[in-house]
Amino acid sequence: MFYSIIIPVYNNEVSDVRRCLDSFYRSSFNDFEILVMDDGSKKECARTLDQIIIEYPHTSVYHLAHGGAARTRNEGIHRAKGTYICFADADDMVTRQFLLDLAKLKKYACDYDVVYGLVHYVKQGTEREENPHIDSLELKKIDAKGYCELYRHMFDLGSPLYRKDNGYVSRGPVARIVKRELAEKHLFKSELVLGEDELWNLDLLEATDKLAVVYHEWYLYIENLMSTSRKPNPDFIGQHRDLLVSMLPYMQKHEGSLEGAFANRVFESLHAIINGYYLTPLEKEGFLKSMREFNQMVKNYPYTLITYKYANRGG
């Protein structure tokens with residue numbers, strides 16, 4: 001198999017898993033294996049996975065003890081046999097264009113360690129429309145300038161170079177193919193609960209500049225209001241702090257050129273903490289006490305690296 005597709009599952013709805021798997025079988029291209037990685041789901045979900053994978057050729061399911069998304073993806077990498085790996089989440093789907101491009105990429109992909117495609121965000125309740133199919137591959141090598149832009153983009157998704165129409169290069173693990181040999185050397189950081197995929201992307205960029213991008217929408221990221229990242233979470237504060245501390249060395253390697261992008265990522269985390277903790281029923285101390293607690297938090301490391309500087313500028 002040329003491609004290994006790794007799909008972590010953790011108590012997902014069966015209809016979502018089927019939708020995801022079905023999306024890989026909408027063309028005649030079949031030079032891939034699918035590894036469904038069950039991250040310790042409940043018995044009913046695990047049993048259903050065993051039943052439905054029979055319907056999908058070249059698909060296997062592996063049942064693991066619950067260890068989180070990073071560890072589950074790493075287990076998939078260890079079991080993969082393809083020249084390239086790619087990831088999908090069980091509640092999303094790939095586009096037909098992705099399958100067309102995978103077939104064409106077999107001729108050129110070995111020149112590159114990572115090839116990126118675009119993600120299209122689909123709001124819940126809207127029609128999942130796909131752009132018309134494009135016959136030409138439009139594979140573009142990423143040069144030195146593009147590399148710097150992509151590195152920054154992985155902090156704040158802010159580069160117009162990696163956006164086209166409604167699609168964008170994500171900082172998650174999806175909508176890209178990665179040489180398995182490279183992925184085996186740079187696994188996901190399983191000690192992180194949040195943002196381990198962002199650091200994985202930065203690790204790949206640190207390891208190689210043999211990169212290319214295809215400006216086609218490969219992946220439909222379907223809004224899930226019940227996803228873990230959207231649920232009120234009492235551990236949000238510590239998880240975001242751990243992520244930001246882990247990102248600091250990557251910023252510092254580039255002599256301050258990423259300070260603005262890191263600042264954007266800090267403010268994104270603060271926004272997520274407000275919405276994921278302080279404005280939820282988890283915080284029962286009252287508005288004024290919550291604001292005092294929040295103000296105290298931003299006066300501590302790592303937030304002070306950015307908040308003091310930009311607050312003083314009035315930005």
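Analyst: The face of α10 turned away from its buried side carries the exposed residues L288 and R292. Exposed means over 50% relative accessible area, buried under 20%, and partly exposed in between, with a 1.4 Å probe and protein chains only. This is a predicted model, in which local features need pLDDT of at least 70 and side-chain atom pairs count only at pLDDT 80 or more, while totals for chains, interfaces and linings use all residues. Residues are numbered from 1 along each chain as its sequence is written, and side-chain values use heavy atoms, with hydrogens and water left out.

User: Which residues of helix α10 are buried?

Analyst: Helix α10 spans residues 287-297; helices (H or I, at least four residues) and strands (E, at least two) are DSSP runs, numbered from the N terminus. The buried residues here are S290, F294 and M297.

User: Against which helices do the buried residues of α10 pack?

Analyst: Contact means heavy atoms within 4.5 Å. By that criterion, the partners of the buried residues of α10 are α8 (236-253) and α9 (259-278).

User: What is the relative accessible area of L288?

Analyst: L288 also belongs to helix α10. The residue is classed as exposed, and its relative accessible area is 60%.

User: How many residues of strand β11 are buried?

Analyst: Strand β11 covers residues 211-222 and is largely enclosed by the rest of the structure. The buried residues number eleven of the twelve.

User: In which sense do strands β6 and β11 pair, parallel or antiparallel?

Analyst: Two strands pair if DSSP finds at least two bridges between them. Strand β6 (residues 114-122) is joined to β11 over eight bridges, and L118 stands opposite E217 in β11. The sense of the β6 and β11 pairing is parallel.

User: Which residue of β11 is the bridge partner of M93?

Analyst: Strand β5 (residues 93-94) and β11 run antiparallel and are joined by two bridges. In β11, the partner of M93 is L220.
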